[in-house]
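Open the model in your viewer and keep the selection tool at hand. The tour goes from one selection to the next.

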Number of protein chains: 2
Amino acid sequence: MGTRRRGEELERAILHAAADELRESGYAGLTMDRVAARAGTNKNAIYRRWPHRAALGIAAYRHLSDAALPDPDTGSLRGDALEMLRKANETWSSPHGAVLRGLLAAAADDPELLTLMRERSGADTMDRAWLGMLERAAARGEAPAAAAHHRVATTPIMLLRAEYAMRGIPSVPDEVLVEIVDEVFLPLVRGRG
Amino acid sequence: MGTRRRGEELERAILHAAADELRESGYAGLTMDRVAARAGTNKNAIYRRWPHRAALGIAAYRHLSDAALPDPDTGSLRGDALEMLRKANETWSSPHGAVLRGLLAAAADDPELLTLMRERSGADTMDRAWLGMLERAAARGEAPAAAAHHRVATTPIMLLRAEYAMRGIPSVPDEVLVEIVDEVFLPLVRGRG
DNA sequence: CTTATAGGGTACGTGGCGTACCTTAAGCGG
DNA sequence: CCGCTTAAGGTACGCCACGTACCCTATAAG
């Protein structure tokens with residue numbers, strides 16, 4: 001009776017319900033019927049807003065984490081890089097990360113969804129953080145100025161990403177992170193002099 | 001009527017049918033009913049051999065390509081590396097590659113399937129080819145011996161893989177490959193002196 | 001006060017996986 | 001040569017989940 005939710009309010013309720021389902025069951029376990037039930041509405045209201053499950057999943061994902069992105073300042077480039085990698089590894093291996101990987105897999109053959117993902121997952125922001133790190137290192141004289149290059153900055157997380165793609169669910173061991181920094185990232189920075 | 005196929009013969013027929021379906025419809029479009037129909041048999045015969053769709057998909061994938069893996073010798077490290085990357089890019093952006101990426105996505109949260117994939121997709125072989133390339137370059141005096149390191153060798157393909165994970169279906173543009181080689185791989189090799 | 005709009009309820013079509021059962025052919029041991 | 005075990009064929013089904021179609025009702029806007 002009385003109150004029938006509409007517009008914004010209903011939309012928030014749906015997204016909230018969907019985010020809860022994501023948290024509890026992951027993307028694979030996210031069903032439209034259960035989201036509708038949990039939000040106390042029906043599938044119509046959902047399909048009027050998102051064309052299919054994947055779109056809802058992606059939209060709901062942002063409600064999971066506001067990803068306080070680290071901006072470490074340990075004093076050394078090596079320390080900063082390791083810190084960044086470790087934080088990323090934590091995030092990706094957490095339940096959040098599992099959800100994110102599930103979404104990524106689901107969007108893998110739909111370019112439209114992929115771009116949506118990138119916007120919502122803050123990948124670009126992360127890239128900029130790495131670039132900033134390199135610039136600070138260059139300012140300290142710890143790295144050549146030519147090292148502050150986009151490809152260089154993104155290399156470590158790209159490697160981490162690929163590592164996840166090859167391995168699967170469990171977190172990447174810390175030794176691998178150290179290797180990425182010591183055997184690839186630092187030599188690479190050095191090599192650009 | 002005489003002939004009812006059994007054992008090996010039937011198994012080959014099923015795999016052949018599944019491979020055809022993969023080629024035509026990709027992994028997402030691979031259905032058990034159609035494979036059974038195409039092989040002129042029924043789902044029982046399939047489920048007696050593979051526990052689920054994903055397992056069949058992976059088993060059938062090997063019938064698609066025997067991936068003649070390139071072992072270039074252009075005389076320069078840069079040339080060899082670019083050649084390898086370009087071949088990999090071609091493969092990954094071909095229909096074969098689409099199938100492979102579909103399988104990878106499907107196996108993403110099942111470690112057991114992932115290891116199966118790695119065996120069947122010849123990823124390890126590719127890694128060894130890169131290492132060999134680096135060793136030859138070192139022998140020519142074109143690279144420090146310390147550059148022939150596993151992490152270094154796998155970096156370019158890992159970056160390519162990650163690039164696919166971020167972008168989706170279309171092939172990665174050649175400029176990106178060149179950048180990976182010139183801005184990352186070669187400086188990295190140089191930096192390990 | 002009327003009317004367009006959007007939500008609620010519900011049922012259904014469709015497709016695909018995996019399973020259950022029974023019937024029938026093949027091969028094998030005696 | 002014969003029966004028995006094993007594997008194939010045929011078919012139907014349970015189940016689940018997506019997406020759609022209707023029809024009814026509350027809400028807000030004019």
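A salt bridge here is a side-chain nitrogen of Lys or Arg within 4 Å of a carboxyl oxygen of Asp or Glu. By that rule, the interface of chain B and chain A holds 6 salt bridges. Keep in mind that this is a predicted model.

**Stop 1: one salt bridge.** Select B:R151 and A:E179. They form a salt bridge, with the closest N and O atoms 2.9 Å apart.

**Stop 2: the side of chain B.** Now select α7 (111-121), α9 (150-167) and α10 (174-191) of chain B. These are the elements that give two or more residues to the side touching chain A. α9(B) gives the most, with 11 residues. By class, this side of chain B has 15 nonpolar, 4 polar and 10 charged residues.

**Stop 3: the whole interface.** Show both chains. The contact takes 29 residues from chain B and 30 residues from chain A. About 2900 Å² is buried between them, and carbon and sulfur atoms give 64% of that area. There are also 10 residue pairs in polar contact, both at pLDDT 80 or more.

**Stop 4: inside chain A.** Colour domain 1 (7-61) and domain 2 (77-191) of chain A separately. Their centres, taken over C-alpha atoms, are 30 Å apart. The contact takes 9 residues from domain 1 and 10 residues from domain 2. About 960 Å² is buried here, 82% of it from carbon and sulfur atoms.

**Stop 5: three residues.** Select A:Y27, A:I58 and A:Y61. Together they supply 69% of the area that domain 1 buries against domain 2, more than any other three residues. How many salt bridges join domain 1 and domain 2 of chain A? The count is 0.

How values were computed
Residues are numbered from 1 along each chain as its sequence is written. Chains are lettered from A and ligands numbered from 1 in the order in which they are written. This is a predicted model: local features need pLDDT of at least 70, side-chain atom pairs count only at pLDDT 80 or more; totals for chains, interfaces and linings use all residues. Side-chain values use heavy atoms; hydrogens and water are left out. Contact means heavy atoms within 4.5 Å. Buried area is the accessible area (1.4 Å probe) that two parts lose on being put together, summed over both. A polar contact is a pair of N or O atoms within 3.5 Å; within protein, one must be able to donate a hydrogen and the other to accept it, and residues adjacent in sequence count only if both atoms are side-chain atoms. Helices (H or I, at least four residues) and strands (E, at least two) are DSSP runs, numbered from the N terminus. Ala, Val, Leu, Ile, Met, Phe, Trp, Tyr, Cys and Pro count as nonpolar, Asp, Glu, Lys and Arg as charged, and the others, Gly among them, as polar. Domain bounds come from an automatic or database domain assignment.
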